Amino acid sequence: MAYLVPIVFINAVQGDAVSLPCDISTPDSSDNVVLVLWYREDLGTPIYSADARDRDFSIAEKWSDEKVFSNRAYFLDDRQPAELGIDHIRESDQAVYRCRVDFKMGQTRNSKVNLTVIVVIKKCSALPENPKTTSWRYEYEEEIKTLWRSEG
């Protein structure tokens, strides 16, 4: 039987901060989280980790891949659900991310976040249908065709 991994869809504006949810809760109060790994689906190795294999999770050792988030990422384990915070979102951060949670006794849990980055256009200008034409005069009710060029 194939296990379906739940997915959440998040939108973020380029330059803003975003929080990617990850459920680290356990129904058994005697169980503990020992490791949280974040993956970007197009990369084969973890991009962020919170490692508590030899310590309490509240003082887990945190690591972030320098090539992906560097110092822009941080783990907020005190939230419900926990979150991977990312500052100054870039267009290149748009991807599907997977959170893997390993417990001391319980079964490993996976969840996914599809992050869409909304790019802010800095400049937008209309161009005439024929770029060689400098005239913008059109007859009333004449169909106006406009080409748009954006920079950003």
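Tutor: On a 1 Å grid over the protein atoms alone, a pocket is an open set of points where a 1.4 Å probe fits, with protein on both sides within 12 Å along at least five of seven lines; lining residues have an atom within 4 Å of a point. Points are joined across faces, edges and corners, and the volume is the space filled by probe spheres set on them. This is a predicted model: local features need pLDDT of at least 70 and side-chain atom pairs 80 or more, whereas totals for chains, interfaces and linings use all residues. Residues are numbered from 1 along each chain as its sequence is written, and side-chain values use heavy atoms, without hydrogens and water.

Student: How much space lies in the largest pocket, and which residues lie nearest its centre?

Tutor: The largest pocket holds about 220 Å³. Its lining comprises 14 residues, with Asp31, Asn32, Val33, Asp56 and Phe57 nearest the centre.

Student: Is aspartate 93 buried or exposed?

Tutor: Buried means under 20% relative accessible area, with a 1.4 Å probe and protein chains only. Aspartate 93 is buried, at 2%.

Student: Which side chain does aspartate 93 join in a polar contact?

Tutor: A polar contact is a pair of N or O atoms within 3.5 Å; within protein, one must be able to donate a hydrogen and the other to accept it, and residues adjacent in sequence count only if both atoms are side-chain atoms. Aspartate 93 joins the side chain of arginine 72 at 2.9 Å. The aspartate 93 side chain also reaches the backbone nitrogen of arginine 90 at 2.8 Å.

Terms used:
Buried means under 20% relative accessible area, exposed over 50%, partly exposed in between (1.4 Å probe, protein chains only).
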